[in-house]
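Thank you for making time this morning.

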Amino acid sequence: MILSGWGRFPRQDCRVTRPRGEAGLKDLVAAGGLIARGNGRAYGDSALSRRNTVDMRGFNRLLAFDPESGRLTAEAGVLLQDVISVFLPRGWFPAVTPGTKYVTLGGMIAADVHGKNHHKDGSFGAFVDWIDVMGRDGEVRRCSRDREAELFGWTLGGMGLTGVILRAAFRLRPVDSAWIRQTAIPTANLAETMKCFSDHRTATYAVAWVDCLAGGGGLGRSLVLLGEHARREELPAKKRQAPYAVPARRRLSLPFEVPDFLLNSLTLRAFNTFYYHRGRQGAGERLVDWDSFFYPLDSLLGWNRIYGRRGFAQFQCVLPLERSQAGLSALLEATSRAGRGSFLAVLKRLGRQESRISFPMEGYTLALDFPISPGAQRLLAELDRIAIDHGGRFYLAKDGRMPAQTLHRADPRAEIFRARREGLGLAEVFASAQSERLRL
Ligand SMILES: Cc1cc2nc3c(=O)[nH]c(=O)nc-3n(C[C@H](O)[C@H](O)[C@H](O)COP(=O)(O)OP(=O)(O)OC[C@H]3O[C@@H](n4cnc5c(N)ncnc54)[C@H](O)[C@@H]3O)c2cc1C
């Protein structure tokens, strides 16, 4: 069947299988050439294999929970939204979450996702105690920081290329309510935006929506959102009665693809300007429910169709702290100059992280979306160059188009990973369209 990631680019004709249990999965592993797929929320081709894309959503049981430590054991195909709907009413929330709840645990571990709290808490992997991984011989190995530590280390962020994750034990965080105390701070330019992150380093959550079409003195103007889990006593009396209840959000669904002619620099500029000014008006502190704070995009189901039939690519890099300001200015200038701003431009400050292959490093990460076109491809290549010149690296969960040499120039760990996979005979068994394109 024709399959793609969330960006709907590239699309490939893939054989898809849905094993029922471990025995079925073992047979598929023996045949080789497979990649595990969670809920398809990676943007590009990391969960695509022409030979065999293994849909893991059938492995979806919650297995055990320890209310003392908040440790949940669950199968890899469980959706994050199911974890939230079962555990938030009991006072627990994911310690790290990406910007959508429609991801599986396997996908979160394979991409070692980061949230708006990376600067404080690190990536999802920091909360994973162990994982069960099916290797090339069909055996399932339990690995952790003390046991099979190599396999554990390469599997976090390893994009499914070390084996199939079957189960995981990970810790949730206790929360007192389903509400977030959000503070919105508009900034006038990049220097102010970065200063705002720096001044609020102790905030639990921090993210900026950048108006990526503003140039000149307004380059990098943003709306910075900070957040803290609200304690019960901070809620108004009415909400305190039922602190985990929030109003149901209306879900809109995009019923058709937006025609390409509507996606031009004028509509993008109008959207960015509107978003920025609306944000300015809403500046200050208010209570928002967890769903609106963490997952604003999830309320518009199928919004990936907004970019038209050709699909879109997301560019996401992280730049080391000391070179972030120069690098971000150059990235935003190139974007603004090309008149190809994206609907979404998200900036976060990441904290320190030592990992074998996971994406984060201490610095700033910028994510931009571009509808696919020859002009966008040229701009993306320019953004790649700028990121590399500033010591940056790229997020594989967002990539669907980088040339192999770009990745290998940016990230020396890629060659170590490749050699390791080859040495262990993993490359012929676990392979995605992305691993082949990027020579991993
Ligand atoms: C709106 C939106 C916002 C996002 N925000 C963020 C964010 O803030 N931070 C962030 O870090 N990411 C973010 N992402 C990216 C997303 O979190 C990751 O791509 C995640 O991996 C998707 O999970 P999935 O279950 O859909 O996996 P898929 O897209 O199906 O697969 C992604 C990767 O995981 C591997 N994989 C999946 N299941 C398994 C398994 N059982 N065993 C082994 N490998 C497996 C696949 O092989 C593939 O390499 C966002 C994505 C979207 C669409």
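Predicted model: local features only at pLDDT ≥ 70, side-chain atom pairs only at ≥ 80, totals over all residues.

Residues are numbered from 1 along each chain as its sequence is written, and side-chain values use heavy atoms, with hydrogens and water left out.

Trp209 belongs to strand E13, residues 205–210, where both faces are covered: Tyr205, Val207 and Trp209 on one side, and Ala206, Ala208 and Val210 on the other, are all buried. Buried here means under 20% relative accessible area, with a 1.4 Å probe and protein chains only; strands are DSSP runs of E, at least two residues long, and helices are runs of H or I, at least four, both numbered from the N terminus. E13 runs antiparallel to strand E19 (residues 345–350), to which two bridges join it, and it pairs with strand E14 (residues 222–229), also in the antiparallel sense, over six bridges; pairing requires that DSSP finds at least two bridges between the strands. On the E14 side, Val207 stands opposite Leu225.

Stepping back, these strands sit in an open, antiparallel sheet of eight, in the order E16-E12-E14-E13-E19-E20-E18-E21. Strand E16 (284–289) and strand E21 (393–394) are at the edges with a single partner strand each, so one side of each is left without a neighbour in the sheet. Helix H11 (residues 374–389) packs on this sheet, touching E18, E20 and E21, where contact means heavy atoms within 4.5 Å.

Let me turn to another helix, H2 (residues 80–87), in which Leu80, Val83, Ile84 and Phe87 are buried. Seen down the axis of H2, these buried residues fall within an arc of 95°, taken from the directions from the helix axis to the C-beta atoms, so they line one face of the helix. What covers them includes strand E6 (62–66), helix H3 (105–111) and helix H9 (290–294).

Finally, what surrounds Arg421? This residue, found in helix H13 (residues 413–423), touches Leu161, Leu426, Ala427, Phe430, Ser435 and Leu440, not counting residues up to four places away in sequence. Arg421 is buried yet has no salt bridge, meaning a side-chain nitrogen of Lys or Arg within 4 Å of a carboxyl oxygen of Asp or Glu; the nearest side chain of opposite charge, Glu436, is 7.4 Å away.

Key. Buried < 20%, exposed > 50% of the residue type's maximum accessible area, 1.4 Å probe, protein only. Axes fitted to C-alpha atoms, helices over the stretch in contact; angles between N-to-C directions. Lys, Arg positive; Asp, Glu negative; His and termini not counted.
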